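Biologist: I have the sequence and the structure open side by side. Could you walk me through how the parts are arranged?

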Amino acid sequence: MSGAIIFIQEDLKISEVQEEVLVGILSIISLLGSLAGGRTSDIIGRKWTIAFAAVIFQIGAAIMTFAPSFQILMIGRVLAGVGIGFGVMIAPVYIAEISPTVDRGSLTSFPEIFINLGILLGYVSNYAFSGLSVHINWRVMLAVGILPSVFIGFALFIIPESPRWLVMQNRVEDARSVLLKTNENENDVDERLSEIVAAAGMSNGEKNEEKTVWRELLSPSPPLRRMLITGFGIQCFQQITGIDATVYYSPEIFKEAGIENKSKLLAATVAVGVTKTAFILIATFLVDRVGRKPLLYVSTIGMTVCLLTLSLTLGFLGHGQLGIALAVLCVCGNVAFFSVGMGPICWILTSEIFPLRLRAQASALGAVGNRVCSGLVAMSFLSLSRTITVGGTFFLFALLSALSVLFAYKCVPETKGKSLEQIELLFENHHEWQGSEVEMGDSEHLVQKA
């Protein structure tokens, strides 16, 4: 949408407020999908919730492609948002539940990898199709987004259902068969299956006696309260530090820095997409080797420095070549640091810290916080930048990013190498965090190694 919106504005003659609403509504509406996704995935399963998300998104994207007016375009955008809401909530949960412990962090970061790849392909398609007529180019840019989701249809014939969901349905033997596909050692499988059954409360009939999920979430025990603060907080910090403003409005940022040619603007955004995709691959390689917290420290501190430098660049260096170069460097640096830590680890944490009986709906609650914050940032960026300047807006993001460093230090435990059931026990006694806590110095060693 970041490139398409330039031509939508020209073709459909929409106002700046309509532009903000069109960009931001996807994130706001996606919270409906995320809210519904928790319950839906508990009823029909993780696998078929992924399929449902893909179908809704495809319908929305098709409507946007052929939209003759702003109103019809909004309908398609809303449907696409609902589909995305289902997707961003269920994909990390599914992967976390099906992955072996030793590779869970890397595998759970896969959705973020492909989100970044999608952003990059979006930027490339914007650049590739920008030469078409104004009435056609933005439609083609949006239409190509349908193609990747078609592959989900083929994947459904291959991927199994989550073993933890199967246990919740009392299909223990089916769950065992799925676990054997990721672990050939039957003793390990039986041990893991026993942990899952115990966590689901089926071994002693607890399932029928426990409180309803939402009642438990609204009146949490101290361990669950700590989980909710960690999960909901990291989701909100991921967005209020301004990553979606950087992604959606990168052409506006570069225009503010002094780049005026549309092709050059779109070419600069391709550089942002390449950087974002490259560094998420680095995170995938490191997250199960060095842990979640060192990457979070490197990520949040790096983002703070880049956002502050971008703010000062836009505020004081004007439209010269130095200002343009620094602006491009800071935007690329910001998305690089985001992708190496905050981007994937946010979803990894929220998919692994909650108890099995609450995981889907608690993760949905975290995704709602993420989508609301994303929508508020996307829908207010242009208005805010007109009020306090683009540089002032990024100074605000830098302050929030600095707060995210403190949040990571105080509220996020290290979960590397622990099974989902062990992580649940970790929150029972948060004082144990201190014994295995990864401190700030570890991130410094990581930077030196890099």
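Biologist: How are α13 and α20 oriented to each other, roughly perpendicular or roughly parallel?

Modeller: This is a predicted model, and in it helix α13 (residues 222–240) packs with helix α20 (residues 420–428) at an angle of about 110°, with the axes 8 Å apart. The two helices, α13 and α20, are therefore roughly perpendicular to each other.

Biologist: And which residues make that contact?

Modeller: On the α13 side the contact is made by Pro-223, Arg-226, Met-227 and Thr-230, while α20 brings Glu-424, Phe-427 and Glu-428. Sorted by class, the contact of α13 with α20 has 3 nonpolar, 1 polar and 3 charged residues.

Biologist: Now α2 and α3, at what angle do they pack?

Modeller: Helix α2, which covers residues 16–44, and helix α3, which covers residues 46–65, pack at about 130°, and their axes lie 7 Å apart. That angle makes α2 oblique to α3. As for handedness, the crossing of α2 and α3 is right-handed.

Biologist: Which residues of α2 and α3 are in the contact?

Modeller: From α2 there are Gly-37, Thr-40, Ser-41, Asp-42 and Ile-44, and they meet Arg-46, Trp-48 and Thr-49 of α3. The residues of this contact between α2 and α3 divide into 2 nonpolar, 4 polar and 2 charged.

Biologist: Stepping back, how many helices and strands are there in the protein?

Modeller: The protein has 22 helices and 0 strands. Its radius of gyration is 22 Å, close to the 22 Å that the globule rule gives for 450 residues, so the protein is as compact as a globular protein of that length. The C-alpha trace spans about 65 × 50 × 40 Å along the principal axes.

Biologist: What about confidence, what pLDDT does the protein average?

Modeller: The average pLDDT of the protein is 81, and 92% of the residues score at least 70. Among the elements, helix α17 (residues 292–316) has the highest mean pLDDT, at 92, whereas helix α21 (residues 433–436) has the lowest, at 46.

Biologist: Where does the pLDDT go below 50?

Modeller: One such stretch is residues 202–210, where the pLDDT is below 50 and the model has 13 contacts beyond near neighbours in sequence. The pLDDT is also below 50 over residues 434–450, and that stretch has 27 contacts in the model beyond near neighbours in sequence.

Terms used:
Residues are numbered from 1 along each chain as its sequence is written. This is a predicted model: local features need pLDDT of at least 70, side-chain atom pairs count only at pLDDT 80 or more; totals for chains, interfaces and linings use all residues. Side-chain values use heavy atoms; hydrogens and water are left out. pLDDT is the predictor's confidence in each residue, from 0 to 100. Helices (H or I, at least four residues) and strands (E, at least two) are DSSP runs, numbered from the N terminus. Contact means heavy atoms within 4.5 Å. Axes are lines fitted to C-alpha atoms, for helices over the stretch in contact, and angles run from 0 to 180 degrees between N-to-C directions. Angles under 35 degrees count as roughly parallel, over 145 as roughly antiparallel, 65 to 115 as roughly perpendicular and the rest as oblique. A crossing is left-handed if the near helix is turned anticlockwise from the far one by less than a right angle, and right-handed if clockwise. Ala, Val, Leu, Ile, Met, Phe, Trp, Tyr, Cys and Pro count as nonpolar, Asp, Glu, Lys and Arg as charged, and the others, Gly among them, as polar. The radius of gyration is taken over C-alpha atoms; the globule rule is 2.2 Å times the number of residues to the power 0.38.
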